[in-house]
Structures are given as C-alpha cells and as structure tokens.
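Please look through the sequence and the model shown here, then read on.

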Amino acid sequence: MPAAALLAETLRLVTRRYGLPPFEAEADASHDARPATTLALTIEQARRALACNATPDDALRAVFVDALARLIGEALRTDTAFQAMLLRHRVAHVREFASLAAHAERDRRSIFANVNAIAHPARQARTADEAQRAALARVHASAASASWAQLREAARDLARIANDAGLRHGLERLVHNPALAHLERLAALSADAAVQQYQALWDCQGPRPGSADAVAQGSASQQRGAAVEALAAQALEALAARLEAEERASGIVSGSGHHEKHYRVVTSMRVPASIPASAERAKSEWDAVLLRRAPAANPAAAQDVWHVCLLVEAKASVDAATTDFPRLLRGLRLLAHANPDAAYAFETQQGAVRLAGASLHALSIDESAVRGTVLYCSDAPAEPAPRLLGAASRMQLLSAPASLAFASTAADGREPDARDLDAVWQELLASPRWAGVLNQYPLLDQVRGLMVHTDDLLAAIGAARAA
C-alpha cells in the first residue's frame with residue numbers, strides 16, 4: 001500500500017471514542033434528559049430549522065423555555081459560580097467590588113511604579129535626613145503590605161517634610177492616582193458581608209490567581225499537559241516509522257539514497273513571523289507534526305525541505321480541545337497564507353526545519369480537509385454520556401438578563417414566570433451575539449470527531465498495516 005494511502009487508511013480506521021452519538025437518537029431521548037442536554041438538542045433543532053429558512057415552532061420554544069427554567073433552578077441549588085454571578089447582579093456594592101477587583105492587579109502595578117519612583121530602598125539609602133528617610137521607608141512598607149489607606153497617610157506625612165521639589169511632585173502623583181482610590185475602596189468593600197459571601201462562592205471554583213495553591217495547580221496542569229504531549233508524539237513516531245517502512249517496501253527513495261528518512265516528527269513547532277498574515281489569536285505553536293521529505297528540486301541544497309502530513313494537538317480533555325478549536329482554525333488559516341513558491345524556517349524541539357510553502361498553502365479549514373490533516377490526541381477516558389452543552393454556552397444562557405431576572409425572582413422566594421425567558425429564545429434565534437451558542441453543537445461534533453485516544457491511534461496503525 002502506498003504510504004499516502006496508508007496514512008489515509010489509518011485515519012479512517014482509528015476509533016473515535018469521543019464522538020457524539022447520532023443526533024436523531026439523542027433527540028428522540030431528550031424528553032428524559034437533564035435540562036442542559038435538552039437545551040443543547042433543542043438549540044440544534046432550531047439551528048437546523050433556520051438553516052432551511054424555516055421558523056422554529058412554538059412547541060420547540062416551549063421545550064427550550066422549560067429546559068432553561070429547569071437549568072436555572074438547578075444552578076441556583078448547586079452551581080456556586082452562578083450563585084456568585086446572581087449575587088453580583090442583585091447587590092450594587094458587590095458589582096462595584098467585582099469591577100474593582102477585575103482591574104486590581106493593574107492598579108497595584110501603577111501604585112508600585114509610583115512608590116518605587118519615590119521611595120525605592122536605594123533612594124532611602126541616599127537620603128541624609130533621618131526623618132525623611134524613615135518617612136520614605138513607611139511609604140514603601142505600606143505599599144509592600146497593601147495597606148492602601150496607610151500608604152495615603154504616609155505619603156501625606158512625607159509631603160509635609162519633603163525638601164525636594166521632585167519628591168513633592170512624585171508624592172502628589174501618588175496621592176492623586178485614581179488607582180490608589182480604587183484600591184482603598186476595594187479594601188473597604190472587602191469587609192462587607194455580601195462581598196465576603198461573593199468571594200467565598202468564587203473560592204469554591206478553585207484557588208485565587210497568584211496564590212500558592214494556584215501556582216501548584218498550574219504546575220500540575222503543565223505536567224499533565226506535557227505527559228499527554230509525550231504520548232501523542234510517541235504515537236506519531238510510530239506512525240512515521242510505519243509510513244517509512246511502507247515507502248521503503250514500495251521501493252520509493254528520495255534524496256541521496258536509502259539512508260535518508262522520508263518521514264519525521266517534530267514537536268513544539270513555532271510558526272515564523274515571515275508568513276504574510278496576521279497571527280492575532282491564531283495558534284502559533286503546534287504540539288507535534290508529521291512531516292514528509294519534499295522531492296529535492298536542487299540536490300545541492302544545503303537544507304532539506306519538508307511537507308506537512310498531519311498536525312497533532314495534545315489535550316487532556318474534550319473541553320480543552322473545544323476551547324482550543326477556534327485558535328486552531330485561525331492557525332490553519334495563518335499557515336495557508338504561506339507563499340507557495342517559498343520555504344519557511346520553523347523552530348522546533350528538534351531544531352530548525354524548512355517547510356515548503358506549497359504544502360502550507362494547501363491547508364484548508366474545510367471540515368473534510370481538517371479531518372484529513374488534524375488530530376486532537378488525548379489519554380482521557382471517554383464519558384459514558386457526552387456533555388452536549390458546552391460550558392461557555394451554558395454560562396451565556398444563565399447570564400442572560402432575562403435568566404438572571406428569573407433567578408432573582410426565585411431567590412426572593414417568589415414564583416417566576418417561565419414565559420419571561422422567551423426573550424432568551426428570541427435573542428438566540430436573531431442576535432449575532434448568540435451565534436456561538438446557536439452553532440455550538442456542530443462545533444462540538446466536529447471537535448469530538450477530530451479527537452482520538454493515543455491507544456486507538458496506535459491500534460489503527462497496526463490495523464492499517466494488515467489491510
């Protein structure tokens with residue numbers, strides 16, 4: 001079997017254990033489903049109707065509204081992230097706290113820059129006046145301990161004894177910096193009972209950014225990601241070896257002879273800035289790539305040129321792949337902007353490699369083309385019942401103004417009217433802002449169709465060998 005056919009056969013045979021069940025079977029069982037599943041299936045039925053220029057009927061709207069009401073009720077009982085969001089919606093000073101907290105790191109950097117310009121320890125050491133040196137130290141210590149009200153008072157005390165115009169100007173900039181007022185207000189709000197409840201609810205989601213627990217969690221996640229990448233690369237190496245053997249068995253040689261490999265795998269392949277397109281929000285590094293040596297146009301060329309056969313991304317979960325997929329598509333578009341008459345140097349863990357622009361230019365985001373050139377590899381177990389409503393879509397449904405108003409009524413102990421949720425249905429069908437939710441099922445189906453377990457990929461390599 002020619003190597004190209006063997007690669008296509010391998011991709012055809014590999015089990016897609018993460019794939020979604022047939023939509024029709026899922027839709028038939030939706031009356032027994034949890035609200036999130038019912039919503040996903042109802043939204044997909046609406047999308048299909050719109051795609052056929054039909055208007056989703058009232059029966060479908062009623063199913064959607066009922067499922068959304070049940071989802072909100074479920075979230076009120078069990079979802080601390082939604083409970084925090086609802087508290088922010090209902091309490092003005094919790095909203096103020098959340099707004100200030102979102103920019104707190106930027107405000108802290110601004111204040112530290114002011115303080116270091118005034119009271120850096122090196123400046124303290126150069127200050128001869130003992131009282132002024134002590135006042136500088138209080139300014140610096142107050143900032144270091146995040147004692148913002150104390151910092152303002154220490155700055156004012158220093159201003160009263162400062163004997164330098166530059167120092168007085170720096171102190172004036174500090175006390176009039178809006179960031180200082182923001183941080184003072186944030187500290188004051190932190191003592192409020194509703195704000196503390198809000199923080200406690202968010203703490204249930206995981207460690208706070210910058211904390212020791214968050215750092216440890218990030219380190220563990222990186223190790224997990226590295227382990228999955230290593231497994232994916234090993235599977236791709238096995239595929240490269242099989243293709244190499246097939247090509248040699250077919251008597252195909254290239255370059256200077258039989259000792260040159262026709263296939264190779266590179267990892268952490270970084271996209272060069274020389275490709276003539278915007279890299280904004282596009283994937284700029286590929287975990288593992290299967291390459292085939294290009295026929296040598298010039299046998300005397302100092303470097304080999306390679307063609308892309310398969311791009312592989314390693315992900316620890318379906319959710320991670322789903323979140324990554326829009327970046328992956330933008331990354332394919334970026335590569336496809338390559339000049340077909342050029343060759344591009346890509347940095348990888350194995351050193352620099354030159355890829356033929358024609359090979360890159362041929363890449364496409366068409367669904368069938370992507371299925372033949374991209375894999376998501378994982379070692380995660382497949383769920384018995386795939387989650388059909390993505391986390392981002394679920395949260396957008398819950399955070400809609402009508403959903404929050406519905407939940408607020410329920411939280412007050414009053415009976416909300418499910419018909420108030422009709423506004424969410426109408427937005428879903430008409431607003432571009434809801435396009436991601438409306439199209440989330442086919443996107444999830446495509447991502448899951450691209451995702452394979454590393455064990456299944458290895459099994460397919462063996463199966464294709466026998467075909």
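In which loop does D79 lie? D79 lies in the loop between α4 and α5 (80-90); helices here are DSSP runs of H or I of at least four residues, strands are runs of E of at least two, and both are numbered from the N terminus.

The model is predicted, so local features need pLDDT of at least 70 and side-chain atom pairs count only at pLDDT 80 or more, while totals for chains, interfaces and linings use all residues. Residues are numbered from 1 along each chain as its sequence is written, and side-chain values use heavy atoms, with hydrogens and water left out.

With a relative accessibility of 13%, D79 counts as buried. The term buried stands for under 20% relative accessible area, exposed for over 50%, and partly exposed for what is in between (1.4 Å probe, protein chains only). The side chains of D79 and R394 are joined by a polar contact of 2.8 Å. A polar contact is a pair of N or O atoms within 3.5 Å; within protein, one must be able to donate a hydrogen and the other to accept it, and residues adjacent in sequence count only if both atoms are side-chain atoms. Leaving aside neighbours within four places in sequence, D79 is in contact with E74, R394 and L398, where contact means heavy atoms within 4.5 Å.

N114 belongs to helix α7 (residues 104-119) and is buried, at a relative accessible area of 9%. Its contacts, again leaving aside neighbours within four places in sequence, are R173, L174 and N177. The C-alpha atoms of N114 and V175 are separated by 9.5 Å, although these residues are 61 residues apart along the chain.

R281, in the loop between β1 and β2, is exposed, with a relative accessible area of 57%. Beyond its neighbours within four places in sequence, R281 is in contact with R327 and R330. From R281 to A369, 88 residues apart along the chain, the C-alpha atoms are separated by 22 Å.

**The strands**

Strand β1 (residues 263-270) pairs with β2 in the antiparallel sense over seven bridges; two strands pair if DSSP finds at least two bridges between them. The bridge partner of M269 is W286 in β2. Strand β2 also pairs with strand β3 (residues 305-314), in the antiparallel sense and over six bridges, and here L290 stands opposite L310 in β3. Seven of the nine residues of β2 (residues 285-293) are buried, so this strand is largely enclosed by the rest of the structure.

**Aromatic rings and charges**

The whole structure holds five aromatic pairs. Rings of Phe, Tyr and Trp (its six-membered ring) pair if their centres lie within 6.5 Å; planes under 30 degrees apart count as stacked, over 60 as edge-to-face and the rest as tilted. One of the pairs is formed by F64 and W425, whose ring centres are 5.1 Å apart with the planes at 45°, so the pair is tilted. This pair links distant parts of the chain, with F64 in helix α4 (residues 58-78) and W425 in helix α20 (residues 422-430), 361 residues apart. F64 is buried at 0% relative accessibility, and W425 is buried with a relative accessible area of 2%.

Another pair, F97 and Y198, is edge-to-face, at 6.3 Å centre to centre and 80° between the planes. F97 lies in helix α6 (residues 92-102) and Y198 in helix α13 (residues 193-203), 101 residues apart. Both are buried, and together with W202 they form one aromatic cluster.

Two rings also carry a charge: NZ of Lys or CZ of Arg counts as over a ring when within 6 Å of the ring centre and within 35 degrees of the ring normal.

| Charged residue | Ring | Distance from ring centre |
|---|---|---|
| R48 | F23 | 4.1 Å |
| K283 | W286 | 5.9 Å |

**Nonpolar cores**

A nonpolar core is a set of buried Ala, Val, Leu, Ile, Met, Phe, Trp, Tyr and Cys residues joined through side-chain atoms within 4.5 Å. The largest has 72 residues, and those with the most contacts inside it are F64, F346, L360 and L397. Its largest share, nine residues, comes from α4. Apart from this core lies another, of 35 residues, among them A84, L100, I118 and A155.

Not counting residues up to four places away in sequence, L397 touches several residues, including L39, F64, L68 and W434.
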